[in-house]
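Trainee: Could we go through this structure together? I would like to begin with the strands and then turn to the charges.
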Amino acid sequence: MLDQALKALKTFDWGADPQLVAAIDQAIVDTHGDVAARAVLEAKLATLLGEGVSRDAADYICRKLRVIGTSAAVPALSKLLVSAETSHMARFALDRIATPEAAAALRKALPVVDDTLKAGLVSSLGTMRDNASVESLAELLSSDDAMVVRAAAKALGAIGTSAAAKALTDSKSCPMVTDGLLACAEGLLTEGKKADAKAVYAKLADASQPEHVRLAAARGRLMCAAATS
Amino acid sequence: MKIVRLLPCVVVGLLLLSSFSSPVAADEPATPELVDMVVKMFHAEDPSVRGLAFEQVRFYAPGQQATMRFASELSKLSDDAKVGLLRALGDRGDKAARFAITRMAVMGESKPVTVAAVRAIGKLGEPTHAALLVRRLVEGTPAVQKAARRGLIDLSGEGVPQAIAEQLDNVPAADRVTLIYVLSDRRAVDTVPQLLEQSQGEDRSVREAAMVALGWVASPESVSAMVPSVLADRDKQEIAAAEKAIMKVCQKIGNPDDWARPLIAASEKLDEGDRLRLLSTMGRVGGAAALAEIEKAIASDDAKRHEMGLKALSNWPNASIATRYIELVGSEAKPAHQLLALRALIRIAPLRDRRSHEERLELLDKAMSLATRDTERKLVLDRARAVRALGTLQFVAPYMDDATVAEQACLTVVELAHHRGLREPNKAEFHAALDKVIATSQDPVVVDRARRYKADKTWVRPK
Amino acid sequence: MARQSGSTRRDFIKSAGAATLAAPYVLTSNALGAGDIPPASDRIVVGGIGIGNMGQGDQVAFLRHPEVEYVAVCDVRTSVRNRSKRKVDAHNGNSDCQAYNDYREILERSDIDAVHVATPDHWHAIIVTDACRAGKDVYCQKPETLTLREGPMMIDAARRYARVVSGGSQRVLEDYRRIVDKCWGGQLGTIQEIAVTNLTQSKRCNLPAEPLDADIDWEMWLGPAPWAPYNAARCSGNYSTEGGSWRSYNDYSGGALTDWGAHHFGGALFAADVRELQPTEVIYGVGANGPHVTLRFSNGLLFHHNHPEMAHLQVKSDGNKKPAKAVPAYQGHGGIYGDFIECVKTRERPFRDIELAVNTMVVCHLSAAAYTLQRSLKWDEAAQEFPGDAEANRLLDRARREPWVL
């Protein structure tokens, strides 16, 4: 059954009966806890990805690798990152695999993709809270593409370190940069860096900021006041 | 009234003293820095900033000391800020704020402040505060009355229902009705004796409220004490409402076949005339035991008893006796009795229960075939709207060609079309039927609705 | 009417109102309030995002409120937004309502106080969080989330910017009142178990490509969801959850399990008074009628879905009577919409505060995860993950299609 389903994937396309590949879904359930069997299944799916299957089949495989993929699948997935048709679904898997190898693959693809795909890669690096990307992300804050800036600011906010906060503080203001800064301040406060957090809130409390940002800063200062350390 | 009148001097003093016995908040207390900042923000002009401070009061700045500090700020604030803080302190739930809040509820500085204070008392008060809230209910403006009513519902602690019930005879009838509904909303089972007493009072509105409350609060053991309300010499509507209350209590029994048992037990203590009159309630309650009693009456040779049985059966709450109705339409000698059974059939046919749409429609179809007058045929078409299915449209649509009932059929078609979830998946069928409505109906509202539904527009039912 | 430094729009209008003696021509009669129309300082300027089926209903509900000044609509279907604009214009008696294809344009408008969101579910989290970042209060239709990770992000955004964010299940308080009253009335004692039945999961959509309908901006409709070819059944807004509508497919919806789960689960959780809690585990089982799950809460409550022996909304309790608790009520007038509007004014949390709505969604999503993986799972509320279960944690979220960011 499984082999038939894997074979069906080679010609699988939109409009095909999903039952043709249902055995793969069941195999994922059945191999729970069986590392060896999962590795075999992962390898078979990754191999298929490299054989030029349809966009729909690649989509299906990436969804499965999202659940069972490991660093072993990263090479096959990383090849898809640079294509507009498959980049998202490759991230669909890589973003949840989230190993150092997966993050490295995303970072490697960053300089060679267009702005739209870049926003996606950056978003996934943010989801992984990839500290090693802070410098690249900081550079992207000055991108001409608003969506890239949003993604970079959001990712830096998720990473939430002092370095991330500094990069955001130094960049041009926009709602997502502000949001990133607020997220960083919350992260700093959680780490006990109350003074650093206060500095961020003080900057955002400025009268030139919109009302809701000043409210957010006021709330941040309340959180600082509530912190005992 | 007497207890209420004593409040300003003595009772309020006691209430204020009792505020100090509140529990200490369990969480780690808020830092003094936080409390200072929050208090400062109470005075902000911007309501959003104040809202941020009140959010802290509600959720993030624990501790009794903090509560006392927040509450002590009340008197220094603008009315708007007072209202916000009172509401926040109420939600905070720390009874250490009672002292300041009670003062605000009693002094009545301004309407909004009093309203907020009264609501907060409901959340923070104890049984002794019931009298204060009742006083506000009796003497306040409509907004304060509403707040006091809610406050009485919110008020927690053992003995609150009794404290409220004790006030029943001290307030005017209109307020007594409110208090009875408060007890009902509180599901105050311990106050059943007082509610039973009120159900036999002189004021109709009070009696009706008490029966409604008993419907929610009483247990089947209290049914015999509720029975006098359906036997008393009162108008039909009041009797019907009392019957519904008894029905509600009887239906708290797990096994439907036993629903009428408390009534049967009660009827054994009644004379023949009252026993006959109680059949109507039994019919409304339903269940095997009731059916047996009612069938005995229907089988009687005594014309009055027979008729009372038929009327009782026509009250039946579900479709389980549909075939019996059909049988009676055919077997009853008097046209009025035939009509009684037919109308009951039309009423129960579309009731929502475990029957499929098809089964419900089948009964309506049967009723249509039994109807000899346009009045009942129109009733069938009207009731059909309760069966939201394509089959209903197919059942109703042909009657648009029958001039005597066409207008009612058109109305039912638009009522069905009103439901987008039914209309959308069956667009073709509905468009054809709506075209027919547009061509047939003389009612401009019905035609307008048909056009709207065809164009996928909504229609707002006038209130 | 842009928000001014140091004050809200409504405060600004109040100040302007004070100056009307000197310059009455500055303000329209609407701004000062006329007849039943409240003055602008008490009005809430609203826009609608996603105004097809449910959005249309929400819009009607908001238009009924005299405090609401409805000024903008947004939908990726041209016919829908044009129809909606006409409706709003007819209601307002002018032609001022602006129609947008891209929600970001509504959020950029500084005069708008609040938005209601009724897009397909895969857009909810992005729009709600973006709206909070733009300083808007939000009424979001249920199901509020599509993944477990989205919930905390929506709550964070609401709290971070002190926004009023209400979930959109009106049924939680209105349709289940009987069972809520029964449970809160105290006569049953402590509720130990409650059951909900018969809600199915969404599936992957593999419908074939159809010629693109010029009425729809397909890229924008898909938004953060994986790319797929246009098919009318894929994006239909009808209420089916068993095929032929976006509610049936897992890129856009959790199926009936979330679509109706938001109502049923929400009502049952409210009845059992655990709406402020999240479960600690979900236990998977297979009975005579197929799979079922039980979610266990820290207070001991067992919440069943498709329990083989319990009926829908059936309750089991210890029978030890206890005092009744007051059932929370909406604020303001006009049901859940009035509650939201009132809270926009008072800055308090609405009845269906996003945190409570998310707690319900967590129950739906945990059930879905157990059905998908066909096994029991533990849940750590504080960490918002399945502890020590790497495989299940893969299901917490999904990457969004570029360039969309949550």
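Predicted model: local features only at pLDDT ≥ 70, side-chain atom pairs only at ≥ 80, totals over all residues.

Trainee: In what sense do strands β1 and β4 of chain C pair?
Mentor: Strand β1 (residues 44–49) and strand β4 (residues 114–117) of chain C pair in the parallel sense, over four bridges. Within that pairing, C:Ile49 stands opposite C:Val117 in β4(C).

Trainee: What is the order of the strands in the open sheet?
Mentor: The order is β3-β2-β1-β4-β5-β6 in chain C, six strands with parallel pairing. Strands β3 (98–100) and β6 (165–166) of chain C stand at the edges with a single partner strand each, so one side of each has no neighbour in the sheet.

Trainee: And which strands does β9 of chain C pair with?
Mentor: Strand β9 (residues 290–296) of chain C pairs with strand β8 (residues 281–287) of chain C in the antiparallel sense over seven bridges. A hairpin joins β8(C) to β9(C) through two residues, and C:Gly285 stands opposite C:His292 in β9(C). β9(C) also pairs with strand β10 (residues 302–305) of chain C, antiparallel over four bridges; there C:Arg296 stands opposite C:Leu302.

Trainee: How many residues of β9(C) are buried?
Mentor: Five of its seven residues are buried, where buried means under 20% relative accessible area, exposed over 50% and partly exposed in between (1.4 Å probe, protein chains only).

Trainee: Changing topic, how many salt bridges are there over all chains?
Mentor: The count is 83, a salt bridge being a side-chain nitrogen of Lys or Arg within 4 Å of a carboxyl oxygen of Asp or Glu.

Trainee: Which residue does B:Arg58 bridge to?
Mentor: B:Arg58 forms a salt bridge with B:Asp91, with the closest N and O atoms 2.7 Å apart. B:Arg58 lies in helix α3 (residues 47–60) and B:Asp91 in helix α5 (residues 79–92) of chain B, so the pair ties together parts 33 residues apart in sequence.

Trainee: Are those two buried or exposed?
Mentor: B:Arg58 counts as buried at 12% relative accessibility, whereas B:Asp91 is partly exposed at 38%.

Definitions and conventions. Residues numbered from 1 in each chain as written. Chains lettered and ligands numbered in written order. Heavy atoms only, no water. Pairing = 2+ DSSP bridges.
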